[in-house]
Amino acid sequence: MSHPEEGYFVHVDERPVPKERPRVTKNGHAFTPKKTLDYERKWRDAWEAAEHPTFDQPVGIEIILSRTSATARVYELGECSKNWGGDIDNILKCVLDGLQEGKTTSGGKTGAFVNDSQVRQVDIIKL
């Protein structure tokens with residue numbers, strides 16, 4: 001797959017939040033924790049604010065994570081920076097779910113894509 005220079009950029013100026021496991025109430029009702037929902041909403045709202053389109057075909061995504069704001073390539077590393085927290089796959093899941101089409105705070109619908117199953121390529125770096 002290619003990496004075209006064109007694309008649509010969106011930025012969330014906040015420490016990345018890994019997707020939390022669903023919680024279950026005493027009566028068996030499962031729910032997503034508020035922290036996860038809030039972070040996903042920030043991605044969706046940023047996409048909407050930028051007025052980017054919603055794609056209905058396969059897409060690729062490149063993501064860079066830092067303390068304040070993952071390619072499936074495996075290779076041997078020497079010394080690495082200290083792990084600052086959050087599994088990269090859980091952060092990725094939260095970002096993908098946040099960019100997936102859904103309801104906005106204004107009651108409409110927006111998102112980078114209809115369903116995250118459309119994503120066929122991900123390049124992600126955790127600095």
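## Salt bridges

In this predicted model, Glu20 forms a salt bridge with Arg23, their closest N and O atoms being 3.6 Å apart. A salt bridge is defined here as a side-chain nitrogen of Lys or Arg within 4 Å of a carboxyl oxygen of Asp or Glu. Both partners are partly exposed: Glu20 has a relative accessible area of 23%, and Arg23 has one of 36%. In these terms, buried means under 20% relative accessible area, exposed means over 50%, and partly exposed lies in between, with a 1.4 Å probe and protein chains only. The count of salt bridges comes to 7. Side chains of opposite charge can pair when their charged atoms come close.

Lys93 takes part in a salt bridge with Asp97, with 3.2 Å between the closest N and O atoms. The two residues lie in helix α2, 4 residues apart, about one turn of the helix. Asp116 also forms a salt bridge with Lys93, and here the closest N and O atoms are 3.3 Å apart. Because Asp116 lies in the loop between β5 (109-110) and β6 (119-126) and Lys93 in helix α2, this pair ties together parts that are 23 residues apart in sequence. Lys93 counts as partly exposed at 36% relative accessibility, whereas Asp97 is buried at 12% and Asp116 is buried at 18%. A network of salt bridges links Lys19, Glu40, Lys93, Asp97 and Asp116.

## Helix α2

Helix α2 covers residues 88-99, a run of 12 residues. The expected span of a helix is 1.5 Å times one less than its number of residues. The buried residues of α2 are Ile91, Leu92, Cys94, Val95, Leu96, Asp97, Gly98 and Leu99.

## Aromatic pair

A search of the whole structure finds 1 aromatic pair. This pair is formed by Tyr39 and Trp43 and is edge-to-face, with 6.2 Å centre to centre and 85° between the planes. Rings of Phe, Tyr and Trp (its six-membered ring) pair if their centres lie within 6.5 Å; planes under 30 degrees apart count as stacked, over 60 as edge-to-face and the rest as tilted.

Tyr39 and Trp43 are 4 residues apart in helix α1 (residues 34-49), so about one helical turn separates them. Both are buried, Tyr39 with a relative accessible area of 1% and Trp43 with one of 9%.

## Overall fold and surface

The protein chain has 2 helices and 6 strands, in the order β-β-α-β-α-β-β-β from the N terminus on. Helices (H or I, at least four residues) and strands (E, at least two) are DSSP runs, numbered from the N terminus.

Of the 127 residues in the protein chain, 31% are buried. The accessible surface comes to about 8900 Å², of which 51% belongs to carbon and sulfur atoms. Accessible areas come from the Shrake-Rupley method with a 1.4 Å probe; for residues, only the protein chains shown count as cover.

## Confidence and conventions

The mean pLDDT of the protein chain is 79, and 83% of its residues reach 70 or more; pLDDT is the predictor's confidence in each residue, from 0 to 100. Over residues 70-78 pLDDT stays under 50, and the model has 10 contacts (heavy atoms within 4.5 Å) beyond four places in sequence for them. Where pLDDT is low, the predicted coordinates should not be read in detail.

Residues are numbered from 1 along each chain as its sequence is written, and side-chain values use heavy atoms, with hydrogens and water left out. As this is a predicted model, local features need pLDDT of at least 70 and side-chain atom pairs count only at pLDDT 80 or more, while totals for chains, interfaces and linings use all residues.
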